[in-house]
Amino acid sequence: MRSPGFTLLELVTAMALAGVLAATGLIRLPALVEGARLAGAARTVATSLRLARGRALAVGAAVEVRFDALRRGCETRDQSGAVVAWHPLPAGVGLAALPARGRVLFGGLGTAENATVTLAAGSRTRSVIVNQRGRVRLCALM
């Protein structure tokens, strides 16, 4: 009669399978982290744009969001040009494409110029799109 438990062969096989699964996970981990940083950065930019639109509607005056590719971030400015907020991008994420003037201007009624801000991390990109009504949406590109 056999005693309950595992044989040495079963144990070695289970350990080998666990090692293969762990190695596969380690290979994919940098890509997952990169994707999470990019998605978070895109949400941060979209939120900055939405808050700027809300501020423009609240005060009834123009508010702009400027993008700085060198400093890797965006800043919100009120109608006098004073910086209201600065939002840096996380490490490994950069601004790949910007609107023509490097900014999005929201009018006192919440309207804006059409604009697309594209963020990149490695080979992945995400875009934040603003339409003429000032609506902001995220778009995933590959």
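User: Before we start, what is a polar contact?
Analyst: A polar contact is a pair of N or O atoms within 3.5 Å, and within protein one of them must be able to donate a hydrogen and the other to accept it. Please keep in mind that what we are looking at is a predicted model.

User: OK, so which side chain does serine 127 touch that way?
Analyst: The side chain of serine 127 is joined to that of threonine 118 by a polar contact of 3.1 Å.

User: And where does serine 127 sit, and is it buried or exposed?
Analyst: Serine 127 lies in strand E7, which covers residues 124-130. It counts as buried because its relative accessible area is 3%, and the cut-off for buried is under 20%.

User: How much of the whole chain is buried?
Analyst: Of the 142 residues in the chain, 32% are buried.

User: Switching topic, which elements does the chain have, and in what order?
Analyst: There are one helix and eight strands, and, read from the N terminus, their order is α-β-β-β-β-β-β-β-β.

User: What about the overall dimensions?
Analyst: The C-alpha trace spans about 85 × 30 × 25 Å along its principal axes. The radius of gyration of the chain is 23 Å, whereas a compact globule of 142 residues would have one near 14 Å.

User: And the surface, how much of that belongs to carbon and sulfur?
Analyst: Carbon and sulfur atoms hold 61% of the accessible surface, which comes to about 8800 Å² for the chain.

User: Last one: how many charged side chains are positive and how many negative?
Analyst: The chain carries 18 positive and 7 negative side chains, and the centres of these two sets are 6 Å apart.

Conventions. Residues are numbered from 1 along each chain as its sequence is written. This is a predicted model: local features need pLDDT of at least 70, side-chain atom pairs count only at pLDDT 80 or more; totals for chains, interfaces and linings use all residues. Side-chain values use heavy atoms; hydrogens and water are left out. Helices (H or I, at least four residues) and strands (E, at least two) are DSSP runs, numbered from the N terminus. Buried means under 20% relative accessible area, exposed over 50%, partly exposed in between (1.4 Å probe, protein chains only). The radius of gyration is taken over C-alpha atoms; the globule rule is 2.2 Å times the number of residues to the power 0.38. Accessible areas come from the Shrake-Rupley method with a 1.4 Å probe; for residues, only the protein chains shown count as cover. Lys and Arg count as positive and Asp and Glu as negative; His and the chain ends are not counted. The place of a charge is taken as NZ of Lys, CZ of Arg, CG of Asp or CD of Glu.
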